[in-house]
Amino acid sequence: MANGGDSLRMKQRTISGGALNEAALPARVAVPGLRARSESPVEQAIRRLRKSTTAVIGAVIVIGLILVALFADVLAPQSPIVSDQAQTFARPSAEHPLGTDQLGRDMLSRVIHGSRVSLAVGVSSVVLALFVGVPLGLIAGYVGGRADSVVMRVMDLILAFPVYLLAIIIMIMFTPTAGLLGTIKVVGAIAIVRVPIYARLVRGSVLSIKEKEFIEACRALGVRDPMIILRHVLPNCLAPIIVTTTLGIATAIIVEATLSFLGLGTQPPTPSWGWDLKANVAFIQANAWLSLFPGLAIFVTVLGFNLFGDGLRDALDPRLK
Amino acid sequence: MNRRPFLFALTALVVSLVLVSGSALAQTPKRGGTLRVSYGNEIAHLDFHTAPGYEMMWVAMNVGCGLVNITPDGKFVGDAADSWQVSSDHLTYTFKLRPNVLFHDGTPVDAAAVKFSIDRLRDPATKSGMRTFYDPVHSVEVLDPRTVQVRLKQPYGFFLHMLAAYRTGLILYSPTATQKFSVDDRKQGKPGAVVGCGPFRLIEWVKGGHLVMERFDKYFVPGLPYLDRVVIRTIKDPVTEMAAFKAGEIDFIASFSPEHVDTLKAQTPNSVIMTGKETTPMKAAMKVTVPKDGKPMSKERAPHPIFGDLRVRKAIGCYGIDRNEIVKIAFKGKATAWVGMNPPGTLDTVDVNGMCPYDPAKAKAMLAEVGYGPSKPLTFEIMADTEKSVFNVIATVVKEQMARLGVTANIRLVDKVSWMNTSLQDGPWDMYVEDLLSLLTLDSNAYLSNTTSSWSHERHNDKRVDEFYARYAREIDPVKRKAIAKEIQEFFVENMYWNNISGSPFYMVAQPWMKGYTYNAEFEVHYHRVWLDK
Amino acid sequence: MRIYILKRLLQMVPTILMITFVVFLMMQSIPGDPVVALLGDAYTDEDAVKIRQAYGLDKPVLVQYLIWLGKLVQGDWGASILTGRPVLQDVLVRLPVTMELIVLSMGVALVIAIPAAIIGALRQNTWPDYTATSVAMIGVSIPEFFVGVLLLLAFSFGLNGILPSSGWVYLPGTCPNMVCGVSLWGNVQHVLMPAFALGIGRAAILTRLLRASMLEVIRTEYVTTARAKGLSERPVVFKHALKNALIPTVTVMGLQVGFLIGGAIVIETLFAMPGLGTFGIDAIIARDYQQVQGFALITALSFVIINLLVDLAYTFLDPRIRYA
């Protein structure tokens, strides 16, 4: 942020006051009339993003996924839950490009609609974790003392839990229900295990900022604490939060799929990639595509988020490359 | 003399001799080898008198022995008992035991052991699931070391059936071993604690791993069993099971998922697939009453808000469900659409399909009569457990069919333990899809539908059901019994206390080199005559 | 050093207590209990009440937990309500299988990650680097069970089933039962696909991390100094860069154990392996409280002990780090 601007200004000074003569300068710098202007951090980030192939591919996939999820009703040729009892296990054809499953449901439509669940669960669990974890981390870091140790103890406890043990028990704890309630349950279960990650992240950032002198200066100037947090502390951790969030969505989607594979995640008839994969593994010898396509969908989605997250990380903080 | 006919006759004689001896040789069982069996579910535990589940039963039948067994065509053959006599008033059964039957710990299987075992099963403290079936027993007496007499309180037409094959049938416990070891010792299969009189001794049970049985050298049938060993593994996933079978790692699958039979047949064309008329009912039960005060198992009942009304039960269960469609989709046509409570393969079964033809128009009309319609739509919940994926498939098809009637059915998937808790403990549910247990006779269903039984999930509270069962059990004449059975099944359909969908098919799969196994549905699984032709 | 280890072991205790208590609490909140499954066909209300009393299931949760704890410090992990089997015995029988799976998975991960990371770091931003990073990216994005399914499809159902799809054969000498299949080759056959399925995801994460750490180390001055001193490329890379890059990697490996245990649950279920993963999930579903406690305990213990080992490994990797 402040760094980028500084280095550019430094470059300017070197060029104008340095020992190099114009002839030795690279052509593009020597072009007359070109005024160097400082880029804002955001513009810098976007420029780097655009240059990175991985980020671009990732972004394309993610945006594509969001579009598919939003327009699933329009894109899907048929309903994903209505069964055509006469056409079970149909092979891929013009009418059913991905065939039909045991209940005669169109697989393509199910895969398309499955994106909604995966995206919804992935995003909401991470957002929920954010809303719980960030304030916790801020409090722990800023207030320090008792609050800090209590919060961190709880975070450590959650982190020490094997992810799946926690999720599995939570899933069974509340009687499985289909539809919205079931999805909320999955979201909560996944979110809980992600909270400590954000809490720790934010707390670390807060701690490193707290010592900086300009915070003391702000305080001396009479700026109130919440303002300090909002204007100085939070922006500092924004970059890692964004990166962790994007990568977190990828992990959340995998966890949801795994829970569904164990039979504990999203319940039917809500179309879910993990569930479809599991349900159709049983028929994998005769109808392999029924489980392969949901699996591929999961893979591509997670890949997209991972690529984009990686690209974001590189763009927002090139030192980490 | 012309030698040709003579030569011809001689050749024919020699050839036929060779053929006959050849086929006789092929029939001679080979001794030795290990039979590798695969189960689709875990064995609960090894205290045979109290453990639930088929998997345990099929072990019990080989490690333990009883008084009698039943053949696939319904005849009784002696197990530890050599012969038996029934008094003319059908109240006294006298069993004569074979002289050379021993428990695996060396103690004799004598009349005292039989008395001990039956008394133990009747004792409420044992908490055996078989106890209700011993209600008709008045007393057991030892007449001499080889003769035991059972006196009944009233005639019980299915006493021998019950001893032979209700669940495990009667499994004889050795008094010495039972007193020496605790229930927990037996449950976990501690070496020496699980003692029976069957052809195989229990060597080891590692839950989640394997169960190993070895030939008992002093088995009372000389020469049997042929096998040295039987090793049972649990493979829950049918696809994995199929792969192991194809690779020749398993010789026998004790209960194979019907949905995958076609795939298995295609993969291993030489496999021997055994099945028969279904002996297990698949039902879509509807709850009839709920506790009036909200307390589970309360004696005060109120009708279920939806299915308490007979008209709704009939509309939904009788006319609103297309059983043929369900069979086609869920079982690929491999089951029988069946309205009667008694499955097609069970004794005294009756085809009452005509009483409930698929008639959506009639169903709609009946619902309208009760007040349901577009202005007051009917919504209910179908509970299906995850033990078998077919339950969910059936529930989904039912949901579809309900939609055609303008009725909304939501599916609630639960795991088996949750299902048991909810249904057994009078929890909240509207309809569930399950296939419960196999029925040797209609009498064995009494515990599932008597008003007094916890397992009567519908909680219909109709005492007439109890009277029917009692009459049926007391009737000795098979013809009159069949008539009563018909009455019972029609009664159940008329009142929709038991909403049956179809039979639940049962498959066993064997490698072509496994010989000597007699298929008798879920009731009798015996390895003592099995031999491996390789 | 010994004092440090002791201190760490003591610090373990509250963590383990908390984990086991939370698991206990959660299991008790699950609707339904094992008594119904235990009684099965013989279920009656009165018997259910009596059994609950006999097993102490009707006492308050805290009391039950303390009873469990009391038995635990005497070395008694309790016995399963459903099967009567001592929990410790079951855990010990299953532990080697899961341990082998986890260790081999980590091995697979390292075998893939180290060369890939070295290639990536040394030939940064060239085609080999891109390939390695892409493969790593793919590995991270595939759910483990999907890899398992694909492997099964390829090697068990296809290719004439050269690899077995389920079960377990023990290594010679490690049979915990009276009867086992025992053979080295058999063991390898059975563990190959599961270890690969579980390890590939970890390999991806490790590759990225190791590569990034190595790059960082390579850029630091002291490596440049070493180069300036005239040391050739390879010793520089291996001795200095790799060793130091391993430190954050080893940390991550320690943290990965949690994911590995979770992944083991899924992979063991898929490949029907008699390990702790199937033990745990079967116990949870069956509401076998004692077994679940045993599972939670061994999981927490493994996690904590492995992290301790990781910290100790630091002293080996980086002589600058010493614990008082």
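1. Across the interface of chain B and chain C, nine residue pairs are in polar contact, both residues of a pair being at pLDDT 80 or more; a polar contact here is a pair of N or O atoms within 3.5 Å, where within protein one atom must be able to donate a hydrogen and the other to accept it, and residues adjacent in sequence count only if both atoms are side-chain atoms. On the side of chain B that touches chain C, the elements giving two or more residues are α6 (183–187), β8 (200–206), β9 (210–215), β10 (229–234), α7 (238–246) and α13 (416–424) of chain B. Helices (H or I, at least four residues) and strands (E, at least two) are DSSP runs, numbered from the N terminus. By class, that side holds 17 nonpolar, 13 polar and 13 charged residues. Ala, Val, Leu, Ile, Met, Phe, Trp, Tyr, Cys and Pro count as nonpolar, Asp, Glu, Lys and Arg as charged, and the others, Gly among them, as polar.

2. On provenance, this is a predicted model, in which local features need pLDDT of at least 70 and side-chain atom pairs count only at pLDDT 80 or more, while totals for chains, interfaces and linings use all residues. Residues are numbered from 1 along each chain as its sequence is written, chains are lettered from A and ligands numbered from 1 in the order in which they are written, and side-chain values use heavy atoms, with hydrogens and water left out.

3. The contact between chain B and chain C takes 43 residues from chain B and 40 residues from chain C, contact meaning heavy atoms within 4.5 Å. About 3,500 Å² is buried between the two chains, and carbon and sulfur atoms give 54% of that area; buried area is the accessible area (1.4 Å probe) that two parts lose on being put together, summed over both. Two salt bridges are found across this interface, a salt bridge being a side-chain nitrogen of Lys or Arg within 4 Å of a carboxyl oxygen of Asp or Glu. In a salt bridge at 3.0 Å, N to O, the side chain of B:K236 meets that of C:D282.

4. The interface of chain B with chain A brings 19 residues of chain B into contact with 19 residues of chain A. These chains bury about 1,700 Å² between them, 58% of it on carbon and sulfur atoms. In chain B, the residues that lose the most area to chain A are B:I329, B:E400 and B:L413, together 27% of what that side buries. Between chain B and chain A there are zero salt bridges and one residue pair in polar contact (both at pLDDT 80 or more).

5. The side of chain B that touches chain A draws two or more residues from each of α7, α8 (261–267), α10 (323–331), α12 (389–404) and β17 (408–414) of chain B. The most comes from α12(B), with six residues. This side divides into eight nonpolar, five polar and six charged residues.

6. Chain B contains an open sheet of seven strands in the order β8-β9-β10-β1-β11-β20-β12, with mixed pairing; two strands pair if DSSP finds at least two bridges between them. At the edges stand β8 and β12 (272–275) of chain B, each with a single partner strand, so one side of each is left without a neighbour in the sheet. On average, neighbouring strands of this sheet are turned by 20° against each other, direction ignored.

7. Within that sheet, β1(B) and β10(B) pair in the parallel sense over six bridges, with B:L35 opposite B:V230 in β10(B). β9(B) runs antiparallel to β10(B), joined by five bridges, and B:L211 stands opposite B:I232. β12(B) pairs in the antiparallel sense with β20 (residues 507–510) of chain B over four bridges; here B:I273 faces B:V509 in β20(B).

8. Over all chains, the salt bridges come to 35. One of them joins the side chains of B:D251 and B:R36 (2.8 Å, N to O). This pair links distant parts of the chain, 215 residues apart: B:D251 lies in the loop between α7 and β11 (252–256) of chain B, and B:R36 in strand β1 (residues 34–39) of chain B.

9. Four strands of chain B form a further open sheet, antiparallel in its pairing, in the order β4-β5-β7-β6. Its edges are β4 (81–86) and β6 (137–144) of chain B, each with a single partner strand, so one side of each has no neighbour in the sheet.

Methods. Axes are lines fitted to C-alpha atoms, for helices over the stretch in contact, and angles run from 0 to 180 degrees between N-to-C directions.
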